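Here is a short report on charged side chains. Keep the sequence and the 3D view at hand.

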Amino acid sequence: MSSPVTLSKEFLWTVAVADAEEIDQMLWTLRSAIVYASKWRNSFAPAARLHDDILLLIFEHALPDRDTRMLRTLSQVCRRWRSTILQAPLLWHKALNLVDRTAWFSEVLRRTQTVPLEVFFDITEDYTGYVIPNLTAVMIDHFWRCASLHIEGYGDDIEEIVSSRITTDKARLLCRLSIHNISCSLLSARDSEAETPDTFLSVLAPQLISLHLEGCAFNWDIVCTRLAPYAPLLSSLRIRTFHIQSAASVAQLLAVLESLPRLKDLQLQNSFVSSETDWNICPHKVLLSQLSSLVFESSTIAGAMFLAALELPSLAKLEATIDVGQLSTDIGQFMEGVQLATCRMAHLPYLYIYYGHRLLILHSMSDDYFLSINKLLIY
């Protein structure tokens, strides 16, 4: 066997005369030197010379939302990367996923430290069976940290969440609250599922800017007396109901809107109906000076009352879907409310009205806006 040409004769002679114990010591020394040399060589690599802040930006860009697998892979590349990732709560906040095993989810939650949480729950994504207990733990112990909360579920699967008790009456960081299809049965007004959203709507959320309720029953009085007065920044309100029992009267709706002066986006689908008390609505208009987009669906009478009671100087988008029932002539009554509402809307270029299978597009081209029926484009 020929000797390596890169080794000196003195070293080769030392090896030749050494015993087994001395050779083992030489091998340990050589391995240590190789490891040290490799680390030093790796320090010249471009990735190794990046500042920690730049490295974190790269990790954040590569990391999918609600997925810890990539983060665990990156943390196993080298000690520096692992140390950097373990000390980056924002990365763990982005990776937090309710479908993970409960033990691992608790560990990821711990690594987020005190970073505000963005919690997304969809019962249809619960293919592991861990979503319900994980979300329940968040609601009980970490609700105060939630900045964004999206809950979408239905049926008996959410009973454990419903039975959880939020341990605080304040959510100072909550900016976005979205609850979808939380209750599918409205057979009883005392049904715990039907009152589920009240748990969240009763919490004081001074930073709330967006509220989206769809397919769930809730107490309109709580929105008016509890949530709205303590949510001065609320700018987006979207409500969609599927049952007439969940709809508000026009008077109730106006009372809620009057408490939300900064509202900019309002979408209401089957969310309000006309009642006997609505005929005694206070004659003063509800001023929403910043509202720029209004989309709603209602009957002609309720829609006419609603629009006639509003003053919307900044409105730039108005879409209305009207249920005229069997009397197509009711559209005329609705248009009277439209005229009362839009006469002062200088920023509204078009108005879209859907009724039956027809679409009316009204556009502002002159000062006599809505005076002539000839301005109606019917499709």
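In which strand does Glu214 lie? Glu214 lies in strand E4, residues 210-214. Strands (E, at least two residues) and helices (H or I, at least four residues) are DSSP runs, numbered from the N terminus.

This is a predicted model, in which local features need pLDDT of at least 70 and side-chain atom pairs count only at pLDDT 80 or more, while totals for chains, interfaces and linings use all residues. Residues are numbered from 1 along each chain as its sequence is written, and side-chain values use heavy atoms, with hydrogens and water left out.

**A buried glutamate**

Glu214 counts as buried because its relative accessibility is 15%. Buried means under 20% relative accessible area, exposed means over 50%, and partly exposed lies in between (1.4 Å probe, protein chains only). The Glu214 side chain makes a polar contact with the side chain of His180 at 3.5 Å. Another polar contact, of 3.2 Å, joins the side chains of Glu214 and Arg240. A polar contact is a pair of N or O atoms within 3.5 Å; within protein, one must be able to donate a hydrogen and the other to accept it, and residues adjacent in sequence count only if both atoms are side-chain atoms.

**Salt bridges**

Side chains of opposite charge can pair when their charged atoms come close. A salt bridge is a side-chain nitrogen of Lys or Arg within 4 Å of a carboxyl oxygen of Asp or Glu. The whole structure holds 9 salt bridges. The table includes some of them.

| Salt bridge | N to O distance | Relative accessibility |
|---|---|---|
| Arg66 and Glu125 | 3.4 Å | Arg66 29%, Glu125 30% |
| Arg110 and Glu107 | 2.6 Å | Arg110 56%, Glu107 22% |
| Lys317 and Glu319 | 4.0 Å | Lys317 37%, Glu319 22% |

Arg66 forms a salt bridge with Glu125. The pair links distant parts of the chain, 59 residues apart. Arg66 sits in the loop between helix H3 (52-62) and helix H4 (69-75). Glu125 sits in the loop between strand E1 (117-122) and helix H8 (131-141).

Why are Arg110 and Glu107 separated by about one helical turn? They are 3 residues apart in helix H7, residues 102-111. Arg110 counts as exposed, whereas Glu107 is partly exposed. Glu107, Arg110 and Arg111 are linked in a network of salt bridges.
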